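Visitor: Please show me the model and walk me through a few of its residues.

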Amino acid sequence: PSFLLYTATGYDINRSRWRTLINQFRFRAREDKVKLDVGTRYDTNLKKMAMVKAELDTPIGKHMRLQAISGYNGFTKQFDYKSFMLTRDLHCWEVSLTYVDQGGFYLNRGFMINFRIKAFPMFRSYGMGSFGQALDTSVGQIY
């Protein structure tokens, strides 16, 4: 439950080639206090790392939490997105300082400060951007 290492690939018998190599590393500390996911995709045809994605969620002290996500594109050799959010618990409220740096067609870069009532978490937009929500079979769960 606290450590996962997953590797998957396939062999295409029609073309006599290996398919993309997918790796996933997951670490969870006791009671889900620290969460780390790292996923990679290696293109076996081009013989290069196609993608690296990482996600971190960890407490900092008693009332603070740090969340970070990033996605590196091996074809363009740059980060498609990187973001972090530092959140302070204020009992019924929470305040977050978020840094976003997303490339692509619609550039989104900057800092945001958000005050939220904890009873309404659906207004949290962290992790979403011009590429949508980061869901991929190489990092995190499949929904």
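This is a predicted model: local features need pLDDT of at least 70, side-chain atom pairs count only at pLDDT 80 or more; totals for chains, interfaces and linings use all residues.

Guide: Residues are numbered from 1 along each chain as its sequence is written, and side-chain values use heavy atoms, with hydrogens and water left out.

Visitor: How many aromatic pairs does a search of the whole structure find?
Guide: Rings of Phe, Tyr and Trp (its six-membered ring) pair if their centres lie within 6.5 Å. On that basis, the count for the whole structure is five.

Visitor: Are the rings of Tyr 11 and Trp 18 stacked or edge-to-face?
Guide: Planes under 30 degrees apart count as stacked, over 60 as edge-to-face and the rest as tilted. The ring centres of Tyr 11 and Trp 18 are 5.0 Å apart. Their planes stand at 70°, so the pair is edge-to-face.

Visitor: Is Trp 18 buried or exposed?
Guide: Buried means under 20% relative accessible area, exposed over 50%, and partly exposed in between (1.4 Å probe, protein chains only). Tyr 11 has 41% and is partly exposed. Trp 18 has 51%, so this residue is exposed.

Visitor: What separates the C-alpha atoms of Ala 50 and Gly 74?
Guide: Ala 50 sits in strand S6 (residues 48-60); strands are DSSP runs (E, at least two residues), numbered from the N terminus. At 12% relative accessibility, Ala 50 is buried. Its contacts (heavy atoms within 4.5 Å) beyond four places in sequence include Tyr 42, Tyr 72 and Gly 74. Ala 50 and Gly 74 are 24 residues apart along the chain, yet their C-alpha atoms are separated by 4.4 Å.

Visitor: Which residues is Ile 113 in contact with, leaving aside neighbours within four places in sequence?
Guide: Ile 113 lies in strand S10 (residues 108-117). Its relative accessible area is 58%, so Ile 113 is exposed. C-alpha to C-alpha, Val 95 is 7.1 Å away. The contacts of Ile 113 are Val 95, Ser 96 and Leu 97.

Visitor: What is phi of Lys 47 near?
Guide: Most residues other than glycine have a negative phi. Lys 47 is in the loop between strand S5 (35-43) and S6, and is exposed at 62%. Its phi is positive, near 55°.

Visitor: What is phi of Lys 77, about?
Guide: Lys 77 is in the loop between strand S7 (64-73) and strand S8 (78-90). At 59% relative accessibility, Lys 77 is exposed. Its phi is positive, although Lys 77 is not a glycine, at about 60°.

Key
Helices (H or I, at least four residues) and strands (E, at least two) are DSSP runs, numbered from the N terminus.
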